[in-house]
Amino acid sequence: MFNLFEVMQEKNRKRAQELERLAEDMSALRKPKYDEKQIEEVLMKQAQQLNEDQDVDLFADIGGPEVVGEETKKRVTSNRGGVMHIDLSFSSLPAKLQPLLKEIEVIAKSDNEQAIQLAMKQIEQAGVDAVGLIFREVRMFYRKPEKRALLAELLSRLTLLNLKGRIMIKGVLEHATNRQHLELAIRTAGLIQEREVIPLILKHAEDAELFPYCFEALLEMRDSSVIQPLIQLIDRIDPARTETIEKSIQIARQFSLLKPSVIHDLFEALIACNLRQIRPIYTTGIRSFKHEAIPILMEIIEKETDPYRIRRACQLLGGIRKPIVAQKLNEALGKFTEKKAAIIEGIAHTRDQNFAALLLAHLQSDESKKIKGACLKALASCGTKDQIPQIRPYVNDASIRAEALYALISLGDPQAMDEFLHLLIHGDAQEQHALSGMAGLLSEKYHLYMAEKMVEMEDRGAIIILAALQKPNRLPSQVGKYLQAKLDQQPSAPVRLEIYRLIIKFANSTKNKLLPLSVVYEAKNRETDIAVKREIEQMLNRLPKRLGGVSTNED
């Protein structure tokens, strides 16, 4: 049972090659996509030419509309040298570029990959002159996120080795107000790693709708100096913007493009973050470094005395889920007995079933309720059905009943979920609080089961279940049909309000929207209970003004 260390050590030796390959992959990931030195040499030569031909007028044949009280063309200066006056109106098109409109349309509307690539090549042949065409026609791509990414790729090809194109991007970022133009410029700047515009992107990142594009572009720049201003921006994300948070968690996987030294910054930001909706951005960022984060997290576990910092470091370490992590946590478990509960929580995040016997032994031998609870939660992710009979007796211990039920549910005990729901509704206040918190840890199939059972319950039970369903960061969209079924029963005002809260919480989610927000607006209009109507209005007022997407307005 306790020869786990030797078993894992042998396993790690066999997988040494895999870890070496991973190290090579991670190093390659942080390398720029292009030879920066060569690119810079090309751009500097172009800058010299621009300085010789002062006041170059790019797109001089694009006649913008007359604008009373301001100049249509904007003066833009490159840090490399060169000044240009650029027309940002994109209101007209030179005759020589008009044939390319059909190619833009192919990219926007076709699903034929070969035809799209051919159209992109045709536009590339036009060179930097096509930059204005792309910005002019960006509206065709507004409702097609994957196509907008393709457009940014095309623009990056045109501007990578062209200083005029880069100055055009800078001009848009300095002077444009149209969010579609700004999004395209931000994404392109990231792809070509145009670090000159980092201050402009940081400024635009304050716009909640542009933040995800700015976040990704800043990481693609591979400039670790952005970490502190970026953390400040992340901390200011509105927790009601579910879609922004979901996108940011995905983007956070690219933190490993920066130097490993930023792991310290991300860890401190995680510790200081009080919003549970935001914390996954930091945890994802730290874990993205994989093996490079291991020594940093181990140092925290070894040297720290603050329980919260130790616990977070253990969770992060376990979440990396590499063979060497299991070995490190097993060593720490024997070495730092005073930190045992936190280390066991880290083991839970490994989901490594090799730990099952060890966890069961600690559960049975340790007198500490805290340690027993940690072992039960860890067995939920590291155990197997074989441990169910040995875990079952711990349901009788009120102090760790919630953890025991969570473990049994996770391991597939057929009775445990109904016991969980019974105690969630009929248990004492302490049990209800503990079980409600555990609801956030359950898998989605159990959230669906809870919603289904809620439909059949009287109001008190329904309210408790609905409140517990607020705990997860994600719910399966199928929960929505059960919410609608409950609304169709015309339940009491408190039940209706809990349902509206759930709908609103996930209204801004791209994948987990439960019911259309119109359900809540319609309820507000027909609601006769003044107190309920007022509460609905307050919930709606807390929603972001725009629920995701890029504005079509030039504001």
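In the predicted model, 54% of the 555 residues of the chain count as buried. The secondary structure consists of 31 helices and two strands. Among contacts in the chain with a separation of 6 or more, 72% are between residues 24 or more positions apart. The accessible surface amounts to about 26000 Å², and carbon and sulfur atoms contribute 49% of that area.

Side chains of opposite charge can pair when their charged atoms come close. Across the whole structure, 30 salt bridges were found. One of these joins K303 to E299, with 3.1 Å between the closest N and O atoms. Both residues belong to helix α16 (residues 294–303), where they are four residues apart, about one turn of the helix. K303 is exposed, at a relative accessible area of 63%, and E299 is partly exposed, at 36%.

Salt bridges also occur between separate elements. E345 and R311 meet through their side chains at 2.9 Å, N to O. Because E345 lies in helix α19 (residues 340–350) and R311 in helix α17 (residues 307–320), this pair ties together parts that are 34 residues apart in sequence. E345 is buried, with a relative accessible area of 19%, whereas R311 is partly exposed at 32%.

A further salt bridge, at 3.1 Å from N to O, is formed by the side chains of D366 and K340. Here the loop between α20 (356–365) and α21 (369–382), which contains D366, is linked to K340 in helix α19, 26 residues apart. D366 is buried, with a relative accessible area of 15%, and K340 is likewise buried, at 15%.

Terms used:
Residues numbered from 1 in each chain as written. Predicted model: local features only at pLDDT ≥ 70, side-chain atom pairs only at ≥ 80, totals over all residues. Heavy atoms only, no water. Buried < 20%, exposed > 50% of the residue type's maximum accessible area, 1.4 Å probe, protein only. Contact = heavy atoms within 4.5 Å. Areas by Shrake-Rupley, 256 points an atom, 1.4 Å probe, with all protein chains shown as cover. Salt bridge = Lys/Arg side-chain N within 4 Å of Asp/Glu carboxyl O.
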